[in-house]
Amino acid sequence: GAYSQHEKLVGGFSAQENNFDILGFSKIPKEGVRALRGGGEQFYSKLSMGTRDRQTTVAWAKPHFLDTSWTLKVEGDYHFSKVTKEQESRSRNLALYGIYNVNSFLRTEIYYKINETKFDTKLNTSRLGVKRFDKSYHTMAETEAWSSPLLGEIRETLREENLALDVDKRKTAAEIEKMVKADYASQSYDRFMEPLKKIIRDDAAKGEGVTSAIGLGLTYDSTNHPTKATRGLLSRLTGEFAGIGGDHRFFKLNYENTLYFDITEKLIVKNRLDLHFVSPQRSDGYIPASERLFLGGEYSIRGYNTAAIGPRYTSTSPGGAEIISRLTKGGLSSVLISTELDYRLNQYLVPFVFLDVGDVSAKEFTISPLSKFKASYGLGTQLNIMPGMPPIALGWGFPVKPKYREDEVGTFFFSIGIHF
């Protein structure tokens with residue numbers, strides 16, 4: 001979870017049981033909740049709660065299904081996202097996995113998943129604020145045109161509506177004055193914002209519908225503990241094709257790695273490298289927003305708000321200025337690199353420091369240049385309150401030179417469950 005002026009409070013909870021018995025539900029009236037243990041099954045649940053984003057996930061797995069080497073896994077989740085006060089999305093997902101253990105380190109999987117997504121978009125221009133914090137904004141603010149009494153009313157409108165225009169700083173004061181007057185002198189704010197509103201509405205409408213996909217995965221796991229690893233490598237490669245029926249067609253490729261090694265018995269280093277790619281398979285190149293890539297939040301680049309990193313919706317004003325929305329559109333390629341140093345002070349307290357970097361690109365199978373990477377650093381602690389309970393992680397992340405400070409920065413974060 002995270003806290004910021006923009007996101008308010010976001011929290012998360014996860015729980016896992018490796019000796020679950022799904023048939024025990026019928027025995028609860030007589031035996032109580034202890035009837036849910038002893039079946040050798042696996043159960044996992046995760047709940048994230050916030051003012052803008054809420055997700056519930058439940059998964060059940062049966063190892064040695066029908067006395068074979070296969071594990072059957074069923075997973076379902078519901079995701080609600082409030083992009084703004086006027087735009088909401090709701091998705092329901094169901095997945096069925098067949099997992100085969102090749103040996104003690106390597107396993108393969110095949111899966112099918114289906115989801116339905118719906119959007120509710122009621123854009124209000126007074127809430128669709130557009131912000132641009134860069135050199136061209138400040139250059140424009142310092143020009144003679146910007147301080148001209150003739151543009152005083154326009155200047156106040158910009159401030160009241162949280163609007164900023166990206167203007168070529170090489171333009172003269174007269175050119176800037178002419179452009180801004182073209183945008184505002186003969187138009188209402190609603191008309192000015194209508195092109196951007198239409199782009200967002202159309203994107204939401206196209207993203208609705210059913211996605212039906214099949215995938216293959218390969219996982220290598222040499223870690224020495226499923227939740228408290230100090231040594232080993234966890235690496236997962238998956239490929240997924242959507243288009244087995246449904247309304248959308250695309251291909252996804254994910255490669256996720258976490259490497260653990262201990263410097264001393266108490267000092268542990270964790271390194272993470274995640275690569276995610278999505279490729280449209282429709283003639284119009286469209287990918288639904290729910291399948292695009294984002295970064296930011298307590299499970300990726302900490303200190304940034306959830307899904308704050310990625311390409312944004314843009315349009316062009318009648319006067320020729322670029323309008324940049326506070327809404328993140330998402331991209332087609334992402335890279336995340338993270339390193340964390342844990343000190344296991346005792347069985348209850350694990351302080352840590354971290355550095356997270358990464359970026360999201362709008363291009364297919366493209367890793368952004370290092371100059372475009374977003375970064376954050378910080379510190380925190382993991383609390384292990386009671387045996388059998390998921391750990392609680394509290395921390396502070398400090399983004400390095402964020403481009404859209406008010407929309408991106410969260411600073412304080414917390415999570416319940418594994419945070420790395």
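Student: In this predicted model, is Phe 413 buried or exposed?

Tutor: The relative accessible area of Phe 413 in the predicted model is 2%. The cut-off for burial is under 20%. Because 2% falls under that cut-off, Phe 413 counts as buried.

Student: How many aromatic pairs does a search of the whole structure find?

Tutor: Two rings pair if their centres lie within 6.5 Å. With that criterion, the number of aromatic pairs found in the whole structure is 10.

Student: What geometry does the aromatic pair of Tyr 97 and Tyr 111 have?

Tutor: The ring centres of Tyr 97 and Tyr 111 are 5.2 Å apart, and their planes make an angle of 40°. Planes under 30 degrees apart count as stacked and those over 60 as edge-to-face, so the remaining angles are called tilted. The pair of Tyr 97 and Tyr 111 is therefore tilted.

Student: How many residues apart in the chain are Tyr 97 and Tyr 111?

Tutor: Tyr 97 belongs to strand S6 (residues 87–101), whereas Tyr 111 belongs to strand S7 (residues 106–121). Their pair links distant parts of the chain, and the separation is 14 residues.

Student: Which geometry describes the aromatic pair of Phe 354 and Phe 413?

Tutor: The centres of these two rings, Phe 354 and Phe 413, are 5.8 Å apart, with 70° between the planes. Since angles over 60 degrees fall in one class, the pair of Phe 354 and Phe 413 is edge-to-face.

Student: Why does the pair of Phe 354 and Phe 413 tie together separate parts of the sequence, and how many residues apart are they?

Tutor: Phe 354 lies in strand S15 (residues 349–361), and Phe 413 lies in strand S18 (residues 412–416). Because the partners sit in these two strands, the pair ties together parts whose separation in sequence is 59 residues.

Student: Which residue lies over the face of Phe 354?

Tutor: Phe 354 is buried, with a relative accessible area of 6%. At 3.9 Å from the centre of the Phe 354 ring, the residue over its face is Arg 302.

Student: Which ring has Lys 46 over its face?

Tutor: Lys 46 is placed 4.3 Å from the ring centre. The ring concerned is that of Tyr 299.

Student: What is the phi of Phe 365?

Tutor: Phe 365 is found in the loop between S15 and strand S16 (374–383). Phe 365 is partly exposed, with a relative accessible area of 45%. Although Phe 365 is not a glycine, its phi is positive, at about 45°.

Student: Is Lys 401 buried or exposed?

Tutor: Lys 401 lies in the loop between strand S17 (392–399) and helix H7 (405–408). Its phi is positive, about 50°, although Lys 401 is not a glycine. Because its relative accessibility is 77% and the cut-off is over 50%, Lys 401 counts as exposed.

Student: How many residues are in the largest nonpolar core?

Tutor: The residues with the most contacts inside this core include Phe 250, Val 278 and Val 360. The size of the largest nonpolar core is 13 residues.

Student: How many residues does the second core have?

Tutor: This second core is separate, and its members include Leu 196, Ile 200, Tyr 313 and Leu 327. Its size is 5 residues.

Technical notes
Residues numbered from 1 in each chain as written. Predicted model: local features only at pLDDT ≥ 70, side-chain atom pairs only at ≥ 80, totals over all residues. Heavy atoms only, no water. Phe/Tyr/Trp six-rings, centres within 6.5 Å; stacked < 30°, edge-to-face > 60°. Helix = DSSP H or I, 4+ residues; strand = E, 2+ residues; numbered from the N terminus. Buried < 20%, exposed > 50% of the residue type's maximum accessible area, 1.4 Å probe, protein only. Lys NZ or Arg CZ within 6 Å of the ring centre and 35° of its normal. Core = buried A, V, L, I, M, F, W, Y, C linked by side-chain atoms within 4.5 Å.
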